[in-house]
Amino acid sequence: MRITKLHGLAILVTAGIAGAIWYHHPFSPSRDQERANSPGGDSGLKSDLHEASLTLPWRQDVLVLTPWLAPIVWEGTFSRDILNAQYLQKNLVTGVVTFAVEKYVQFIEGFMTSANKYFLAGHQVNFYLFTDSPEKVSHVQMSPENRVFVIPVQSGSGWQDACRSRMHILSSYIQRRLQHEVDYLFSMDIDVQLLAHVGVEIIDALVATISSWQLSPQHDDRAQGTQPGPPAASPEGHGDFHYTASFYGGSVSEVYKLSTACFGGVMEDREIGIGARGHHESLLNKYLLQHKPTRLLSPEYYWDTELSSSLIHVKRMCPVHKDSSWH
Amino acid sequence: MISRKLLLTSLFCLGVVAALAIWARAGSGKVHYLPYYLPCPEIFSMKLQYTEEKLIQLFPQLFYQQPRVLVPKRQDVLTVTPWLAPIVWEGTFDPEILDSAYRPLNLTIGVTAFAIGKYTRFVRRFLESAEQHFMRGYQVNYYIFTDSPASVPSLQLQPGRSLATVPMAKFSSWQEISMRRMEAISRHVAQVSGREVQYLFCLDVDMVFHNPWGPETLGDMVAAIHPGYFTVPREQFPYERRSSSAAFIPEGEGDFYYGGAVFGGLVNKVYEFTKSCHMTILADKANGIMAAWQEESHLNRHFLTHKPSKLLSPEYIWDDRKPKPPEIRLIRFSTVDKDYKEVRN
C-alpha cells in the first residue's frame, strides 16, 4: 500500500485530536493548575506569632490557665491576627459602658481619645457614656467605625463611688437597649488612659481582670489572708483571684446577669447604709467566685502605675494620676 | 478517493487514542467512582434541633487550694494555644472544680465508635474500660456502628448509661470504611443523637481507657493532638500536600497535627464539622483522589480554618507502641496492640 497524502492527513487529524485531549485532561495530577486551596477561603492565614511548639510554652513565669481551664491573657500568649480573623468571621459588635459624673467629667476627653485609638482598633465599638453633664462632653474625633452615645443620668452626693445606681442603670439599660445593639459589653472606669492595644483577645462570655497588687509575692500572701492589706477576695477569704471592678465584661447576657445580681446584692446592703467603691469590687468578686469567668485578663489590662513588676511586659490601661488635692 | 484500508487505519488510531485518554483519566487516582455518585441531598438539608448551650455554670462553694498567679502549673508544655484555647494536660485543671460545675447540669454525653468487620473484637475492652474511666458519674450513651450487631457484647452498664447499635454497611476497603464515618456520624446526629445528647465524642474503637476522662474534655469543639507529631515542627506534619485535594494544606501553614481517633464537642458543632468533612471527602472523590491519611487529613484541614475551642494533649490519644516521654504524665486513652494487616483485611 502506498503512503498517500490522505494517509498523512489522517495521521495529522488523529494526532491533533490526541493533543487536544492531552491538553485538557493531563495524565498526572501534578500537572493540574493551582486551584484555590481552601474551602473556607481563608487559608492564607498563618500563625505569625512564632510557630506554636507544644514543648515550649511562651510564658513560663506566670499562670496562663486557671484550674477551671479559663485562659489568662498575657502578652505573648496569643496571636491577635488569628483572633481578629475569628472575630471578623462572626460579625460582632462590642460596646463599652462608662460613667462620668460630677468631677469625673474632666476625664472624658482623655478616655475617649485613648480608647478610640487602642480599644478594639479596626472593629466597630459603641461607646455608651453615662454622664450628668452632657453639655460638657467635648466632641472627640472618633474613628469612622466607632460610635459614641451620650446618655444623661442624675447624680447625687458621693454618687460616683456608690455602685448601686451604676449596676441598676447598667442592668436596666441592657434590657431596654444594649442587648439589641451589641453582642459583647465591657464596663470601664472613666478615669483611665489606654496606652497600648486592647484587642479581641478580651472577647469571651465572662471576662474579668486580675488586680495589679496580686502580682507581688507579699501581696499574694495578702490574698491568702496571712497579712493585713487590701481586702481578701471575698468576705470569707476563699477567692480564686482578686478581680478589679475597673474593667470587666463579657457577652451582653452574662453582663446583664452580673449587673442584676450585683444590684440585688447592693440593695440588701443599702438598708445597712453601705455604698463605696471597695464594696462594688467585693460584690463583683463574690459573684465571680460562683460564676467563674471564662477568660481572665492579666494585670496588664488594668495596671496601677505606682507598682512595678517585671512580669508586666505591656501596660495597656492605667488609671490617670490624680494629685493629692483630688480627694 | 478514500480507500477502505485508510478508513480502517484512521478509525483504529482514533480508537487507540480514545482508549488511552480514558485509561489515563480514570487511572490517576487509586479509587474510581462512577459519575452518578452525587452528594446525598437529604443529609445536607436536614435541620438539626438542639438544646441551648449553657455557657456559664454555677460553681457551688467549694474549698480548694487557691490558684496563684505567679505559680504556673505546667512549665514544660504549652497549655494555651495562640487563639486562647486551653490545652488539657494533667496538672492544668482541678477535676473537683469542674465536676462541681458540670454534674448539676444533668448532661448526657454520647460516644460513637465504629466496629466494622474484624474490629468488632475490640468492642468489649473498649466498653469495659469506658465504664471504668469515661465520664464517671455522668449519663453516657454509647453508639456502636457495626455491620454485625450480633457480635456486640451485651455488657452490664452502670446506671444512667446505655448502649445502642447502629447498623452500618461494610465497604470494600478499610480506607473507605474510615472515611465513611463522617457521613455516618452526621446522619446519625441529625436523626437520633442530636436529640439525645448535649456533647458527643467520636472515638476509635480499637483503643482502651487507662485513666480518668472527665468533664475537662467538654467544650464547643474539641480536638486531640496526635501522639506521633507533638514534638516536631509543622513541616513534618503528614498533611495532605497535593493541591488537587480539598484537604490540601500548603507548606508553612498549620497549627498542630490532630488525630482522627478522637474529636468531639457540642453535638451541633460535631454535626457541622462531620458534615463539612464529608463534603470535602466527596469533593476529593469526584476528583478521583484520596487524602494521605483519609478523613484525618480532612479533619486537619477543617481545624486549620475553624480552630477548635479546646485541645486535648496526647494523654487522651496515645499510642502504646511509643515510649512515654516526661511531658506525658498520665496516659488516659491509647491503642490496643494489634496486627494491622490482619485486622484490616
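What is the mean pLDDT of chain B, and what percentage of its residues reach 70 or more? The mean pLDDT of chain B is 86, and 88% of the residues of chain B reach 70 or more. Here pLDDT is the predictor's confidence in each residue, from 0 to 100.

A word on how to read this predicted model: local features need pLDDT of at least 70, and side-chain atom pairs count only at pLDDT 80 or more, while totals for chains, interfaces and linings use all residues. Residues are numbered from 1 along each chain as its sequence is written, chains are lettered from A and ligands numbered from 1 in the order in which they are written, and side-chain values use heavy atoms, with hydrogens and water left out.

**Confidence**

For the complex, the predictor gives an ipTM of 0.80 and a pTM of 0.80. Within chain B, confidence is highest in strand 5, at 97, and lowest in helix 2 (residues 41-44), at a mean of 47. Helices (H or I, at least four residues) and strands (E, at least two) are DSSP runs, numbered from the N terminus. Chain A has a mean pLDDT of 79, and 75% of its residues reach 70 or more. Over residues 219-237 of chain A the pLDDT is below 50, and this stretch has 33 contacts beyond near neighbours in sequence; contact means heavy atoms within 4.5 Å.

| Stretch | Contacts beyond four places in sequence |
|---|---|
| Residues 29-45 of chain B | 23 contacts |
| Residues 47-56 of chain B | 21 contacts |
| Residues 271-275 of chain A | six contacts |

**The sheet of chain B**

Chain B has an open sheet of eight strands in the order 1-9-7-8-5-2-3-4, with mixed pairing; two strands pair if DSSP finds at least two bridges between them. At the edges are strand 1 (87-88) and strand 4 (161-167) of chain B, each pairing on one side only. Strand 7 (residues 221-225) and strand 8 (residues 258-266) of chain B are antiparallel and share four bridges. B:Met221 has B:Gly265, in strand 8 of chain B, as its bridge partner.

Helix 6 (residues 267-286) of chain B packs on this sheet, where it touches strand 5 (199-203), strand 7 and strand 8 of chain B, and its direction makes about 135° with that of strand 8 of chain B. Axes are lines fitted to C-alpha atoms, for helices over the stretch in contact, and angles run from 0 to 180 degrees between N-to-C directions. Helix 7 (residues 295-305) of chain B lies across strand 7 and strand 8 of chain B, at about 55° to strand 8 of chain B.

**The sheet of chain A**

In chain A, eight strands form an open sheet with the order 1-9-7-8-5-2-3-4 and mixed pairing. Why is one side of strand 1 (72-73) and of strand 4 (147-152) of chain A left without a neighbour in the sheet? Both stand at the edges and each has a single partner strand, so one side of each has no neighbour in the sheet. Strand 1 of chain A runs parallel to strand 9 (residues 295-297) of chain A, and two bridges join them. A:Leu296 in strand 9 of chain A is the bridge partner of A:Ile72.

**A pocket**

The second largest pocket has a volume of about 1,000 Å³. On a 1 Å grid over the protein atoms alone, where a 1.4 Å probe fits, a pocket is an open set of points with protein on both sides within 12 Å along at least five of seven lines, and lining residues have an atom within 4 Å of a point. Grid points are joined across faces, edges and corners, and a volume is the space filled by probe spheres set on the points. Of the 41 residues that line this pocket, B:Trp174, B:Asp204, B:Asp206, B:Tyr340 and B:Arg344 lie nearest its centre. Helix 5 of chain B supplies the largest share of the lining, four residues.
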